[in-house]
Amino acid sequence: MSDRSPALRASLRYLTTSDDWIKTAAIGGFLTLFGVLVVPAILATGYFVRVLRAATDNDDPPAFDDWSDLAGDGAQVAVIGLVYAVVLAVTTSVLAGAATGVGGEDAGSAVGGLLAVAATAAFAYVFPAAVVAYAERGTARAGFDVVALRTVVSTRAYAGTWLRMVTVVVVTGVVAGLLGVIPLLGAVAGAVVSFYGAVVACHFLGGAWGDIREMEAASTDSATAIGWAAMRRRVRRLWTENGDAASAGVGDLVDLGAVRERIGESGDADSAGPADPVAWNETPETGRMSEGENTTVVKNGGDHADADADVTTRPVSVVAARPIETFDAADIDTLVSGLDAGDPETVVMATRALIETAGERPGLLVDSDSDAMSRLRDLRLSETQQVRTVATKAVRRFEAAGLS
(Lines give C-alpha, C1' and ligand atoms only; values in the text may rest on other atoms or scores of the structure.)
Protein backbone atom coordinates (compact mmCIF):
# COMPACT_ATOMS: atom_id res chain seq x y z
CA MET A 1 0.00 0.00 0.00
CA SER A 2 1.24 3.49 -0.77
CA ASP A 3 1.71 6.21 1.82
CA ARG A 4 -1.33 6.11 4.08
CA SER A 5 -0.65 9.39 5.94
CA PRO A 6 -3.30 11.33 3.95
CA ALA A 7 -5.83 8.63 4.81
CA LEU A 8 -4.78 8.74 8.45
CA ARG A 9 -5.19 12.51 8.55
CA ALA A 10 -8.66 12.11 7.05
CA SER A 11 -9.48 9.54 9.74
CA LEU A 12 -8.31 11.95 12.45
CA ARG A 13 -10.80 14.52 11.15
CA TYR A 14 -13.55 12.06 10.25
CA LEU A 15 -15.81 12.34 13.29
CA THR A 16 -15.62 16.15 13.29
CA THR A 17 -17.16 16.28 9.80
CA SER A 18 -20.51 15.49 11.37
CA ASP A 19 -22.71 18.34 12.59
CA ASP A 20 -23.47 16.32 15.73
CA TRP A 21 -19.94 15.15 16.41
CA ILE A 22 -19.78 16.65 19.89
CA LYS A 23 -22.96 14.82 20.87
CA THR A 24 -21.62 11.60 19.34
CA ALA A 25 -18.28 11.95 21.14
CA ALA A 26 -20.08 12.64 24.43
CA ILE A 27 -22.29 9.56 24.09
CA GLY A 28 -19.31 7.45 23.06
CA GLY A 29 -17.27 8.74 25.97
CA PHE A 30 -20.10 7.92 28.38
CA LEU A 31 -20.35 4.36 27.02
CA THR A 32 -16.57 3.97 27.23
CA LEU A 33 -16.47 5.30 30.79
CA PHE A 34 -19.05 2.74 31.92
CA GLY A 35 -17.86 -0.04 29.60
CA VAL A 36 -17.12 -2.24 32.60
CA LEU A 37 -20.89 -2.73 32.90
CA VAL A 38 -20.78 -4.76 29.64
CA VAL A 39 -23.92 -3.34 28.00
CA PRO A 40 -22.32 0.08 27.34
CA ALA A 41 -19.26 -1.68 25.92
CA ILE A 42 -21.46 -3.73 23.57
CA LEU A 43 -23.25 -0.59 22.37
CA ALA A 44 -19.94 1.18 21.78
CA THR A 45 -18.66 -1.84 19.86
CA GLY A 46 -21.78 -1.77 17.72
CA TYR A 47 -21.03 1.85 16.88
CA PHE A 48 -17.47 0.94 15.87
CA VAL A 49 -18.89 -1.68 13.50
CA ARG A 50 -21.09 1.04 12.04
CA VAL A 51 -17.98 3.23 11.55
CA LEU A 52 -16.22 0.38 9.75
CA ARG A 53 -19.14 0.04 7.34
CA ALA A 54 -19.33 3.79 6.80
CA ALA A 55 -15.59 3.96 6.08
CA THR A 56 -15.79 1.06 3.65
CA ASP A 57 -18.62 2.79 1.77
CA ASN A 58 -17.05 6.26 2.12
CA ASP A 59 -20.08 7.48 4.07
CA ASP A 60 -20.54 10.23 6.63
CA PRO A 61 -19.98 9.53 10.34
CA PRO A 62 -22.85 7.42 11.73
CA ALA A 63 -25.03 8.52 14.61
CA PHE A 64 -25.99 6.78 17.82
CA ASP A 65 -29.45 5.60 16.83
CA ASP A 66 -31.20 2.29 16.16
CA TRP A 67 -29.86 1.07 19.48
CA SER A 68 -31.14 -2.45 18.96
CA ASP A 69 -29.01 -2.75 15.83
CA LEU A 70 -26.01 -1.35 17.69
CA ALA A 71 -26.54 -3.94 20.41
CA GLY A 72 -26.91 -6.72 17.85
CA ASP A 73 -23.67 -5.80 16.07
CA GLY A 74 -21.83 -5.37 19.35
CA ALA A 75 -23.07 -8.71 20.67
CA GLN A 76 -22.02 -10.57 17.54
CA VAL A 77 -18.56 -9.03 17.65
CA ALA A 78 -18.35 -10.02 21.32
CA VAL A 79 -19.22 -13.60 20.40
CA ILE A 80 -16.56 -13.63 17.68
CA GLY A 81 -13.99 -12.32 20.15
CA LEU A 82 -15.03 -14.82 22.80
CA VAL A 83 -14.69 -17.76 20.42
CA TYR A 84 -11.23 -16.63 19.36
CA ALA A 85 -10.18 -16.14 22.99
CA VAL A 86 -11.45 -19.57 24.01
CA VAL A 87 -9.73 -21.32 21.11
CA LEU A 88 -6.44 -19.60 21.84
CA ALA A 89 -6.72 -20.28 25.58
CA VAL A 90 -7.45 -23.98 25.06
CA THR A 91 -4.63 -24.32 22.53
CA THR A 92 -2.20 -22.59 24.89
CA SER A 93 -3.22 -24.81 27.81
CA VAL A 94 -2.89 -28.01 25.79
CA LEU A 95 0.56 -27.11 24.48
CA ALA A 96 1.74 -25.95 27.91
CA GLY A 97 0.47 -29.22 29.40
CA ALA A 98 2.35 -31.20 26.79
CA ALA A 99 5.53 -29.25 27.58
CA THR A 100 5.04 -29.97 31.27
CA GLY A 101 4.73 -33.68 30.56
CA VAL A 102 7.95 -33.68 28.55
CA GLY A 103 10.20 -31.20 30.41
CA GLY A 104 8.66 -30.84 33.82
CA GLU A 105 6.78 -28.06 35.60
CA ASP A 106 9.39 -25.37 34.97
CA ALA A 107 9.44 -26.09 31.24
CA GLY A 108 5.64 -26.09 31.16
CA SER A 109 5.48 -22.70 32.89
CA ALA A 110 8.04 -21.19 30.54
CA VAL A 111 6.33 -22.56 27.44
CA GLY A 112 2.93 -21.53 28.77
CA GLY A 113 4.13 -17.97 29.33
CA LEU A 114 5.59 -17.70 25.84
CA LEU A 115 2.47 -19.18 24.29
CA ALA A 116 0.25 -16.78 26.22
CA VAL A 117 2.19 -13.83 24.84
CA ALA A 118 2.08 -15.26 21.32
CA ALA A 119 -1.65 -16.00 21.59
CA THR A 120 -2.39 -12.47 22.80
CA ALA A 121 -0.38 -10.99 19.93
CA ALA A 122 -2.11 -13.26 17.41
CA PHE A 123 -5.52 -12.31 18.76
CA ALA A 124 -4.71 -8.59 18.61
CA TYR A 125 -3.51 -8.97 15.02
CA VAL A 126 -6.26 -11.15 13.56
CA PHE A 127 -9.32 -9.96 15.49
CA PRO A 128 -9.60 -6.54 13.77
CA ALA A 129 -9.69 -8.29 10.39
CA ALA A 130 -12.40 -10.62 11.66
CA VAL A 131 -14.48 -7.64 12.82
CA VAL A 132 -14.16 -5.85 9.47
CA ALA A 133 -15.10 -9.08 7.69
CA TYR A 134 -18.22 -9.26 9.87
CA ALA A 135 -19.02 -5.60 9.20
CA GLU A 136 -18.60 -6.14 5.47
CA ARG A 137 -20.71 -9.29 5.15
CA GLY A 138 -23.08 -8.92 8.09
CA THR A 139 -22.76 -12.48 9.39
CA ALA A 140 -20.71 -13.78 12.31
CA ARG A 141 -19.58 -16.63 10.10
CA ALA A 142 -17.47 -14.14 8.13
CA GLY A 143 -15.38 -13.60 11.23
CA PHE A 144 -14.34 -17.24 11.14
CA ASP A 145 -13.63 -17.55 7.41
CA VAL A 146 -10.13 -18.89 7.96
CA VAL A 147 -9.11 -18.99 4.30
CA ALA A 148 -10.19 -15.44 3.54
CA LEU A 149 -8.80 -14.01 6.77
CA ARG A 150 -5.49 -15.80 6.41
CA THR A 151 -5.05 -14.38 2.92
CA VAL A 152 -5.78 -10.85 4.15
CA VAL A 153 -3.73 -10.80 7.36
CA SER A 154 -0.69 -12.21 5.56
CA THR A 155 -0.44 -9.16 3.28
CA ARG A 156 1.97 -6.29 3.90
CA ALA A 157 -0.93 -3.91 3.29
CA TYR A 158 -2.82 -5.25 6.30
CA ALA A 159 0.31 -5.35 8.46
CA GLY A 160 1.07 -1.70 7.72
CA THR A 161 -2.52 -0.64 8.33
CA TRP A 162 -2.63 -2.61 11.58
CA LEU A 163 0.56 -0.98 12.87
CA ARG A 164 -0.77 2.51 12.19
CA MET A 165 -4.11 1.62 13.74
CA VAL A 166 -2.45 0.25 16.88
CA THR A 167 -0.28 3.37 17.08
CA VAL A 168 -3.40 5.53 17.15
CA VAL A 169 -4.97 3.40 19.89
CA VAL A 170 -1.79 3.40 22.00
CA VAL A 171 -1.24 7.16 21.68
CA THR A 172 -4.84 8.01 22.57
CA GLY A 173 -4.67 5.49 25.40
CA VAL A 174 -1.59 7.22 26.83
CA VAL A 175 -3.29 10.61 26.55
CA ALA A 176 -6.41 9.22 28.24
CA GLY A 177 -4.25 7.79 31.01
CA LEU A 178 -2.55 11.12 31.60
CA LEU A 179 -5.91 12.85 31.75
CA GLY A 180 -7.12 10.25 34.19
CA VAL A 181 -4.93 11.65 36.97
CA ILE A 182 -7.18 14.71 37.06
CA PRO A 183 -9.98 14.02 39.57
CA LEU A 184 -13.38 13.29 38.05
CA LEU A 185 -13.19 15.45 34.92
CA GLY A 186 -9.99 13.70 33.90
CA ALA A 187 -11.73 10.33 33.77
CA VAL A 188 -14.52 11.75 31.64
CA ALA A 189 -12.13 13.50 29.27
CA GLY A 190 -9.98 10.37 29.05
CA ALA A 191 -13.00 8.25 28.12
CA VAL A 192 -13.91 10.69 25.34
CA VAL A 193 -10.34 10.63 24.02
CA SER A 194 -10.29 6.82 24.09
CA PHE A 195 -13.57 6.67 22.19
CA TYR A 196 -12.35 9.21 19.64
CA GLY A 197 -9.15 7.23 19.12
CA ALA A 198 -11.11 4.03 18.55
CA VAL A 199 -13.27 5.81 15.94
CA VAL A 200 -10.13 7.05 14.17
CA ALA A 201 -8.65 3.54 14.17
CA CYS A 202 -11.86 1.95 12.87
CA HIS A 203 -12.27 4.55 10.13
CA PHE A 204 -8.66 4.11 9.04
CA LEU A 205 -8.96 0.32 8.94
CA GLY A 206 -12.33 0.40 7.19
CA GLY A 207 -11.10 2.92 4.64
CA ALA A 208 -8.03 0.81 3.87
CA TRP A 209 -9.98 -2.44 3.74
CA GLY A 210 -10.95 -2.06 0.08
CA ASP A 211 -7.30 -1.58 -0.92
CA ILE A 212 -6.22 -4.52 1.23
CA ARG A 213 -8.83 -6.78 -0.35
CA GLU A 214 -7.90 -5.56 -3.81
CA MET A 215 -4.27 -6.45 -3.23
CA GLU A 216 -5.42 -9.84 -1.96
CA ALA A 217 -7.43 -10.31 -5.14
CA ALA A 218 -4.52 -9.24 -7.32
CA SER A 219 -2.59 -12.25 -6.06
CA THR A 220 -5.38 -14.64 -7.02
CA ASP A 221 -6.89 -12.70 -9.97
CA SER A 222 -10.30 -14.02 -9.03
CA ALA A 223 -13.25 -11.68 -8.63
CA THR A 224 -14.73 -14.01 -6.03
CA ALA A 225 -11.84 -13.05 -3.73
CA ILE A 226 -12.58 -9.35 -4.00
CA GLY A 227 -14.71 -7.70 -1.37
CA TRP A 228 -17.58 -5.48 -2.52
CA ALA A 229 -15.74 -2.19 -2.02
CA ALA A 230 -12.57 -3.48 -3.67
CA MET A 231 -14.48 -4.98 -6.60
CA ARG A 232 -16.29 -1.74 -7.26
CA ARG A 233 -13.08 0.31 -7.07
CA ARG A 234 -11.26 -2.05 -9.39
CA VAL A 235 -14.10 -2.18 -11.88
CA ARG A 236 -14.27 1.59 -12.03
CA ARG A 237 -10.56 1.72 -12.70
CA LEU A 238 -10.94 -0.74 -15.57
CA TRP A 239 -13.78 1.37 -16.89
CA THR A 240 -11.68 4.54 -16.81
CA GLU A 241 -8.69 2.89 -18.41
CA ASN A 242 -10.61 1.20 -21.22
CA GLY A 243 -13.21 3.69 -22.34
CA ASP A 244 -16.83 2.62 -22.69
CA ALA A 245 -16.30 -0.57 -20.76
CA ALA A 246 -19.89 -1.73 -20.43
CA SER A 247 -18.49 -5.09 -19.52
CA ALA A 248 -16.14 -3.73 -16.89
CA GLY A 249 -19.00 -4.24 -14.44
CA VAL A 250 -17.93 -7.81 -13.98
CA GLY A 251 -19.98 -10.22 -11.92
CA ASP A 252 -18.76 -12.19 -8.97
CA LEU A 253 -18.28 -15.32 -11.06
CA VAL A 254 -15.94 -13.77 -13.59
CA ASP A 255 -12.20 -14.22 -13.61
CA LEU A 256 -11.27 -10.54 -13.55
CA GLY A 257 -7.81 -11.22 -14.94
CA ALA A 258 -9.33 -12.93 -17.98
CA VAL A 259 -11.69 -10.02 -18.59
CA ARG A 260 -8.84 -7.54 -18.33
CA GLU A 261 -6.84 -9.61 -20.83
CA ARG A 262 -9.76 -9.74 -23.24
CA ILE A 263 -10.23 -5.98 -22.95
CA GLY A 264 -6.55 -5.45 -23.64
CA GLU A 265 -6.59 -7.72 -26.67
CA SER A 266 -9.66 -6.24 -28.31
CA GLY A 267 -9.41 -2.61 -27.24
CA ASP A 268 -13.16 -2.73 -26.83
CA ALA A 269 -14.48 -4.03 -23.55
CA ASP A 270 -17.90 -4.72 -25.08
CA SER A 271 -16.41 -7.88 -26.55
CA ALA A 272 -16.02 -9.29 -23.06
CA GLY A 273 -19.53 -8.32 -22.08
CA PRO A 274 -22.35 -10.15 -20.36
CA ALA A 275 -23.64 -11.60 -23.61
CA ASP A 276 -20.46 -13.64 -23.91
CA PRO A 277 -21.25 -17.07 -22.38
CA VAL A 278 -17.58 -17.88 -21.80
CA ALA A 279 -16.65 -14.69 -19.97
CA TRP A 280 -19.85 -14.64 -17.97
CA ASN A 281 -20.11 -18.29 -17.06
CA GLU A 282 -23.57 -18.66 -18.55
CA THR A 283 -25.08 -22.04 -19.23
CA PRO A 284 -26.05 -22.36 -22.93
CA GLU A 285 -29.14 -24.37 -22.10
CA THR A 286 -30.89 -21.71 -20.02
CA GLY A 287 -28.96 -18.53 -20.65
CA ARG A 288 -28.91 -17.97 -16.91
CA MET A 289 -25.82 -17.40 -14.84
CA SER A 290 -25.11 -20.11 -12.32
CA GLU A 291 -25.22 -17.61 -9.45
CA GLY A 292 -29.00 -17.86 -9.54
CA GLU A 293 -30.41 -15.25 -7.18
CA ASN A 294 -27.98 -12.60 -8.35
CA THR A 295 -29.57 -12.34 -11.80
CA THR A 296 -32.45 -10.57 -13.44
CA VAL A 297 -34.25 -11.55 -16.64
CA VAL A 298 -34.22 -8.96 -19.41
CA LYS A 299 -36.69 -9.54 -22.22
CA ASN A 300 -36.34 -8.52 -25.86
CA GLY A 301 -32.76 -7.40 -25.58
CA GLY A 302 -32.01 -4.88 -22.84
CA ASP A 303 -28.88 -2.80 -23.22
CA HIS A 304 -26.72 -5.72 -22.04
CA ALA A 305 -28.53 -8.38 -24.00
CA ASP A 306 -27.60 -10.26 -27.09
CA ALA A 307 -29.57 -8.65 -29.93
CA ASP A 308 -30.63 -12.04 -31.26
CA ALA A 309 -31.88 -13.35 -27.94
CA ASP A 310 -35.36 -12.94 -26.50
CA VAL A 311 -34.22 -13.55 -22.98
CA THR A 312 -30.85 -12.98 -21.35
CA THR A 313 -29.68 -12.19 -17.84
CA ARG A 314 -28.42 -9.09 -16.11
CA PRO A 315 -26.72 -9.84 -12.79
CA VAL A 316 -27.25 -7.35 -10.02
CA SER A 317 -23.49 -7.40 -9.40
CA VAL A 318 -22.85 -6.31 -12.99
CA VAL A 319 -25.11 -3.28 -12.71
CA ALA A 320 -24.07 -2.38 -9.17
CA ALA A 321 -20.38 -2.41 -10.04
CA ARG A 322 -20.73 0.07 -12.88
CA PRO A 323 -20.28 3.85 -12.45
CA ILE A 324 -23.51 5.57 -11.42
CA GLU A 325 -23.25 8.03 -14.31
CA THR A 326 -23.82 5.19 -16.78
CA PHE A 327 -27.05 3.94 -15.21
CA ASP A 328 -30.32 3.98 -17.13
CA ALA A 329 -33.91 3.07 -16.26
CA ALA A 330 -33.30 -0.62 -16.99
CA ASP A 331 -30.40 -0.64 -14.54
CA ILE A 332 -32.65 0.83 -11.84
CA ASP A 333 -35.22 -1.89 -12.52
CA THR A 334 -32.48 -4.50 -12.13
CA LEU A 335 -31.36 -3.06 -8.80
CA VAL A 336 -34.91 -2.80 -7.49
CA SER A 337 -35.52 -6.40 -8.52
CA GLY A 338 -32.39 -7.28 -6.55
CA LEU A 339 -34.13 -6.09 -3.41
CA ASP A 340 -36.28 -9.21 -3.64
CA ALA A 341 -33.32 -11.57 -3.98
CA GLY A 342 -33.18 -14.55 -1.68
CA ASP A 343 -29.61 -13.96 -0.51
CA PRO A 344 -28.75 -11.00 1.76
CA GLU A 345 -25.51 -10.18 -0.05
CA THR A 346 -27.37 -9.42 -3.28
CA VAL A 347 -29.96 -7.35 -1.43
CA VAL A 348 -27.24 -5.32 0.28
CA MET A 349 -25.37 -4.88 -3.00
CA ALA A 350 -28.47 -3.60 -4.78
CA THR A 351 -29.41 -1.33 -1.88
CA ARG A 352 -25.98 0.27 -1.71
CA ALA A 353 -26.07 1.00 -5.43
CA LEU A 354 -29.51 2.60 -5.02
CA ILE A 355 -28.18 4.70 -2.15
CA GLU A 356 -25.38 6.00 -4.38
CA THR A 357 -27.86 6.66 -7.15
CA ALA A 358 -30.09 8.65 -4.81
CA GLY A 359 -27.08 10.75 -3.86
CA GLU A 360 -25.63 11.29 -7.34
CA ARG A 361 -28.56 10.94 -9.77
CA PRO A 362 -31.86 11.24 -7.89
CA GLY A 363 -33.61 12.30 -11.11
CA LEU A 364 -33.08 8.83 -12.52
CA LEU A 365 -35.01 7.36 -9.61
CA VAL A 366 -37.77 9.94 -10.06
CA ASP A 367 -38.17 8.87 -13.68
CA SER A 368 -38.23 5.19 -12.76
CA ASP A 369 -41.54 3.38 -12.44
CA SER A 370 -40.11 1.11 -9.75
CA ASP A 371 -41.45 1.02 -6.21
CA ALA A 372 -37.99 1.13 -4.65
CA MET A 373 -39.02 3.21 -1.65
CA SER A 374 -41.79 0.89 -0.51
CA ARG A 375 -39.55 -2.15 -0.85
CA LEU A 376 -36.76 -0.45 1.08
CA ARG A 377 -39.18 0.41 3.86
CA ASP A 378 -40.21 -3.25 4.03
CA LEU A 379 -36.55 -4.32 4.19
CA ARG A 380 -36.13 -2.38 7.43
CA LEU A 381 -38.00 -5.29 9.02
CA SER A 382 -35.71 -7.92 7.50
CA GLU A 383 -34.46 -10.77 9.69
CA THR A 384 -30.89 -10.02 8.51
CA GLN A 385 -29.28 -7.26 10.50
CA GLN A 386 -27.07 -5.87 7.73
CA VAL A 387 -30.08 -5.69 5.41
CA ARG A 388 -32.03 -3.75 8.06
CA THR A 389 -29.14 -1.36 8.56
CA VAL A 390 -28.52 -0.60 4.89
CA ALA A 391 -32.26 -0.36 4.15
CA THR A 392 -32.70 2.18 6.95
CA LYS A 393 -29.85 4.20 5.53
CA ALA A 394 -31.37 3.97 2.04
CA VAL A 395 -34.75 5.23 3.21
CA ARG A 396 -33.06 8.21 4.84
CA ARG A 397 -31.04 8.95 1.70
CA PHE A 398 -34.16 8.70 -0.45
CA GLU A 399 -36.04 11.05 1.87
CA ALA A 400 -33.16 13.52 1.87
CA ALA A 401 -33.23 13.49 -1.93
CA GLY A 402 -36.97 14.17 -1.94
CA LEU A 403 -37.80 10.72 -3.28
CA SER A 404 -40.38 9.76 -0.65
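Student: Which residue forms a salt bridge with Lys393?

Tutor: The model is a predicted one. A salt bridge needs a side-chain nitrogen of Lys or Arg within 4 Å of a carboxyl oxygen of Asp or Glu. The closest N and O atoms of this pair are 1.5 Å apart, and the partner of Lys393 is Asp59.

Student: How many residues apart are Lys393 and Asp59, and where does each of them lie?

Tutor: Lys393 belongs to helix 16 (residues 385-400). Asp59 sits in the loop between helix 3 (39-56) and helix 4 (67-103). The pair links distant parts of the chain, and the separation is 334 residues.

Student: Is Asp59 buried or exposed?

Tutor: Buried means under 20% relative accessible area. Lys393, at 25%, is partly exposed. Asp59 has a relative accessibility of 17%, so it counts as buried.

Student: Which residue forms a salt bridge with Arg388?

Tutor: The closest N and O atoms of this pair are 3.1 Å apart. Arg388 lies in helix 16 and its partner in helix 4, 319 residues apart.

Student: Which side chain meets Arg137 in a salt bridge?

Tutor: The N to O distance in this pair is 3.1 Å. The partner of Arg137 is Asp145.

Student: How are helix 13 and helix 16 oriented to each other?

Tutor: The axes of helix 13 (residues 344-360) and helix 16 come within 9 Å and cross at roughly 15°. Angles under 35 degrees count as roughly parallel. The two helices, helix 13 and helix 16, are therefore roughly parallel.

Student: Which hand does the crossing of helix 13 and helix 16 have, and how many nonpolar residues are in their contact?

Tutor: The crossing of helix 13 and helix 16 is left-handed. Helix 13 contributes residues including Val347, Leu354 and Ile355, while helix 16 contributes residues including Val390, Lys393 and Phe398. By class, the contact has three polar residues, three charged and, as the number asked for, eleven nonpolar.

Student: At roughly what angle do the axes of helix 15 and helix 16 cross?

Tutor: Helix 15 covers residues 372-379, and its axis comes within 8 Å of that of helix 16. This crossing is left-handed. The angle is roughly 145°.

Student: How many charged residues are in the contact of helix 15 with helix 16?

Tutor: Among the residues of helix 15 in the contact are Met373, Leu376 and Arg377, and they meet a set in helix 16 that includes Arg388, Val395 and Glu399. The contact divides into nine nonpolar residues and no polar ones, and the charged residues number three.

Student: Is Val336 buried or exposed?

Tutor: Val336 lies in helix 12 (residues 329-338). Its C-alpha atom is separated by 9.3 Å from that of Val316, 20 residues apart along the chain. At 2% relative accessibility, Val336 counts as buried.

Student: What percentage of the residues in the protein chain count as buried?

Tutor: The protein chain has 16 helices and two strands. Of its 404 residues, the share that counts as buried is 47%.

Technical notes. Residues numbered from 1 in each chain as written. Predicted model: local features only at pLDDT ≥ 70, side-chain atom pairs only at ≥ 80, totals over all residues. Heavy atoms only, no water. Helix = DSSP H or I, 4+ residues; strand = E, 2+ residues; numbered from the N terminus. Buried < 20%, exposed > 50% of the residue type's maximum accessible area, 1.4 Å probe, protein only. Axes fitted to C-alpha atoms, helices over the stretch in contact; angles between N-to-C directions. Parallel < 35°, antiparallel > 145°, perpendicular 65-115°, else oblique. Left-handed = near helix turned anticlockwise from the far one by under 90°. Contact = heavy atoms within 4.5 Å. Nonpolar A, V, L, I, M, F, W, Y, C, P; charged D, E, K, R; others polar.
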